[in-house]
Amino acid sequence: MLRVLLVNNALSAQARLISLIHRCGWQLSQQVSTLSAACVQLNQAGAELVLVDIPSQEETALNQLAEMAAEFPDTYFLFWVSKKPNAELSARNVIVCLRPLRLDGVLKQISEQAPELLQRSPKLKNLAEQIRQIAQAKRVLIESGMSEDEAHHTLEKMAMNQRISRCEAALQVIKTYQQE
């Protein structure tokens, strides 16, 4: 289970971040409100993943985050921003995600930039696979003539009507269209 250090100074997003941590099967080891406090915590207890959501310090935090990433090369840093940063981060262990905080966006970024992180967390790997299957089912429905909204709504309605998960509905769609 990945140990996560949460750096968050926005109370409005705190519950969503904690929910994300639990849904991914991670363990929240500590929560702090500044990158300086996170650095102290990393030196004391360590963590495999640091989730950073500090909107009030977003502009100034990028340089500090790059320095921390260099100091802790075995730790991944997941940083939420409101807009894509002007400067490209060269650190391989920093993953930048655009707000809003959504599980599918996080998993997409992780799978593209840090696939080894998926290997270290079986639950996260499973969630990524489910999201991939749902996206594939949407593509199948779109290729059959639906809009993206219609495909999304069709999967949601199918899951609700049959009392199954969206992933199971997606698998049914994929299986049905593969047979044709």
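Modeller: A helix here is a DSSP run of H or I with at least four residues, and helices are numbered from the N terminus. The model is predicted.

Colleague: In which helix is Gln133 found?

Modeller: Helix H6 covers residues 122-143. Gln133 is found in helix H6.

Colleague: Is Gln133 buried or exposed?

Modeller: The cut-off for a buried residue is under 20% relative accessible area. Gln133 has a relative accessible area of 14%, so Gln133 counts as buried.

Colleague: Which residues does Gln133 touch, not counting residues up to four places away in sequence?

Modeller: Contact means heavy atoms within 4.5 Å. With residues up to four places away in sequence left out, Gln133 touches Cys167, Ala170, Leu171 and Ile174.

Colleague: How are helix H4 and helix H6 oriented to each other?

Modeller: H4 takes in residues 103-113, and its axis comes within 10 Å of that of H6. The two axes cross at roughly 105°. Angles of 65 to 115 degrees fall in one class, which makes the orientation of H4 to H6 roughly perpendicular.

Colleague: How are helix H7 and helix H8 oriented to each other?

Modeller: H7 (residues 148-162) and H8 (residues 166-179) have axes 8 Å apart, at an angle of about 110°. The class for 65 to 115 degrees applies, so H7 to H8 is roughly perpendicular.

Colleague: What is the handedness of the crossing where H7 passes H8?

Modeller: The contact involves His152, Leu155, Glu156, Met158, Ala159 and Gln162 of H7, and Arg166, Ala169, Ala170, Gln172 and Val173 of H8. These residues divide into six nonpolar, three polar and two charged. The crossing of H7 with H8 is right-handed.

Colleague: In what order do the elements of the chain run from the N terminus on?

Modeller: The chain has eight helices and five strands. From the N terminus on, the order of these elements is β-α-β-α-β-α-β-β-α-α-α-α-α.

Colleague: What share of the residues in the chain is buried?

Modeller: The C-alpha trace spans about 55 × 35 × 30 Å along its principal axes. The accessible surface is about 10100 Å², with 49% of it on carbon and sulfur atoms. Of the 180 residues in the chain, the buried share is 41%.

Methods: Residues are numbered from 1 along each chain as its sequence is written. This is a predicted model: local features need pLDDT of at least 70, side-chain atom pairs count only at pLDDT 80 or more; totals for chains, interfaces and linings use all residues. Side-chain values use heavy atoms; hydrogens and water are left out. Axes are lines fitted to C-alpha atoms, for helices over the stretch in contact, and angles run from 0 to 180 degrees between N-to-C directions. Helices (H or I, at least four residues) and strands (E, at least two) are DSSP runs, numbered from the N terminus. Angles under 35 degrees count as roughly parallel, over 145 as roughly antiparallel, 65 to 115 as roughly perpendicular and the rest as oblique. Buried means under 20% relative accessible area, exposed over 50%, partly exposed in between (1.4 Å probe, protein chains only). Accessible areas come from the Shrake-Rupley method with a 1.4 Å probe; for residues, only the protein chains shown count as cover. A crossing is left-handed if the near helix is turned anticlockwise from the far one by less than a right angle, and right-handed if clockwise. Ala, Val, Leu, Ile, Met, Phe, Trp, Tyr, Cys and Pro count as nonpolar, Asp, Glu, Lys and Arg as charged, and the others, Gly among them, as polar.
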